[in-house]
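Please look over the fold shown below before reading on.

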Amino acid sequence: MKTFKITILVLSLTILSSCFGDKKSIIGSDLGDTSFVNKNFKGNAINFADVEDVCALLNPEKVAGLYNVPASYIATVGKGKFVQNDQVKTCMVRVKLDDTDWNFLTGMVTLFKEVKASEDQGGISEAVGQGENWEEAWSLKKSMSKTGKWIPNVGKAALYTSAKRKLEIKFEGYSLEIVAPGAPFNKEEKAKNRDFEKITLAMAKDLGFLK
């Protein structure tokens, strides 16, 4: 069963990483290494069950400040528009770059509830790092990414992948995933060379997840 779970994760990550040109061989990687886990984690600032709508946590003025645009240029799409359930809560974030309706950046903020082993049919949640035993899956994700890096002393663990503009933070009972608003195929936008790592960390703090 464990081999099956790892196979599922490897296939999933291979497909996703290939799309971003971020795939790296895991040959020689120590998948048993858990040194990235924050031993000084002090507990959640926000619990999964207390979040009714992820978008309600977002402050448009603070996001606007990260992109140097007016607060009126920030739009969100969340509860009532996306499928929300007991396991996943999502908010799409759009940052307009000018007064037109077509020139904007898109990002996502998503919460994934941790799935208990007894409820994890087939071990799929564990395989993708959303189960009770998540450490090995997170270690594998990092090992397979060319641009992945651990962010120390953030949550129980934090992984930033620059190729995807994505910050993942593990908390007690759930994980937070932030994809910074961006437009990878917009040459003008790409030339700005924004510090998306800094942006995702700032968003996590501004949303209230980091103490």
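## Disulfide, sheet and overall fold

The structure holds one disulfide, a term that here means a pair of cysteine sulfur atoms within 2.5 Å. This is a predicted model, in which local features need pLDDT of at least 70 and side-chain atom pairs count only at pLDDT 80 or more, while totals for chains, interfaces and linings use all residues. Residues are numbered from 1 along each chain as its sequence is written, and side-chain values use heavy atoms, with hydrogens and water left out.

The bond runs from cysteine 55 to cysteine 91, with an S to S distance of 2.0 Å. Because cysteine 55 lies in the loop between helix H1 (2-20) and helix H2 (60-67), whereas cysteine 91 lies in strand S2 (residues 88-96), the pair ties together parts that are 36 residues apart in sequence. The torsion about the S-S bond of cysteine 55 and cysteine 91 is about 105 degrees, so the disulfide is right-handed. Both cysteine 55 and cysteine 91 are buried, that is, under 20% relative accessible area, with exposed meaning over 50% and partly exposed in between (1.4 Å probe, protein chains only).

Helices (H or I, at least four residues) and strands (E, at least two) are DSSP runs, numbered from the N terminus. Seven strands form an open sheet with antiparallel pairing, in the order S1-S2-S3-S7-S6-S5-S4, where two strands pair if DSSP finds at least two bridges between them. Strand S1 (74-77) and strand S4 (148-150) stand at the edges with a single partner strand each, so one side of each is left without a neighbour in the sheet. Strand S5 (residues 157-161) pairs with strand S6 (residues 166-171) in the antiparallel sense over five bridges, and the bridge partner of alanine 158 in S6 is isoleucine 169.

Serine 175 lies in strand S7 (residues 174-182) and counts as buried because its relative accessibility is 7%. Leaving aside residues up to four places away in sequence, serine 175 touches Thr110, Leu111, Phe112, Trp138, Ile169 and Lys170, where contact means heavy atoms within 4.5 Å.

The protein has six helices and seven strands, which follow the pattern α-α-β-β-β-α-α-β-β-β-β-α-α along the sequence.

| Property of the protein | Value |
|---|---|
| Buried residues | 43% of the 211 residues |
| Contacts between residues 24 or more positions apart | 56% of the contacts with a separation of 6 or more |
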